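Please open the model in your viewer and keep the selection tool at hand.

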Amino acid sequence: MIRRGFWLTVGAAGGIWGYRRVVSAGRTVSGKLEGSPRSRKVKRGLIRSTVRFSRDAHSFTRDVREGMELYIARQPDPEAPNLPPSTSTDVKDGR
């Protein structure tokens with residue numbers, strides 16, 4: 001049990017340390033690319049793909065809503081019972 005706790009702690013500390021190093025390296029690289037023409041192209045591409053995704057998501061949502069409306073319109077009356085009424089009045093009292 002103590003070994004598991006030790007390795008859990010070591011793993012968590014290592015993960016945090018590694019995450020911070022990766023984030024730091026990413027900031028360094030993105031700082032170097034900030035003024036380059038390539039970074040502007042990448043940003044433009046990300047913005048365009050985000051806009052395209054939002055349009056696609058909007059059309060998908062609209063299609064789902066239309067499909068649900070058709071589904072609900074074709075369903076039988078929700079007031080109708082699913083089972084016939086029971087004619088038996090025998091109730092077991094558990095004795």
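Searching the whole structure gives one aromatic pair, where rings of Phe, Tyr and Trp (its six-membered ring) pair if their centres lie within 6.5 Å. Select Phe6 and Trp7, which make this pair edge-to-face, at 5.0 Å centre to centre and 75° between the planes; planes under 30 degrees apart count as stacked, over 60 as edge-to-face and the rest as tilted. Phe6 is partly exposed at 49% relative accessibility, whereas Trp7 is exposed at 56% (buried is under 20% relative accessible area, exposed over 50%, partly exposed in between, with a 1.4 Å probe and protein chains only).

This is a predicted model, in which local features need pLDDT of at least 70 and side-chain atom pairs count only at pLDDT 80 or more, while totals for chains, interfaces and linings use all residues. Residues are numbered from 1 along each chain as its sequence is written, and side-chain values use heavy atoms, leaving out hydrogens and water.

Now colour the protein chain by secondary structure, which comes to two helices and zero strands (DSSP runs numbered from the N terminus, helices being H or I of at least four residues and strands E of at least two). Of its 95 residues, 2% count as buried.

Finally, select Phe60 in helix α2, residues 37–74, where Phe60 is exposed with a relative accessible area of 57%.
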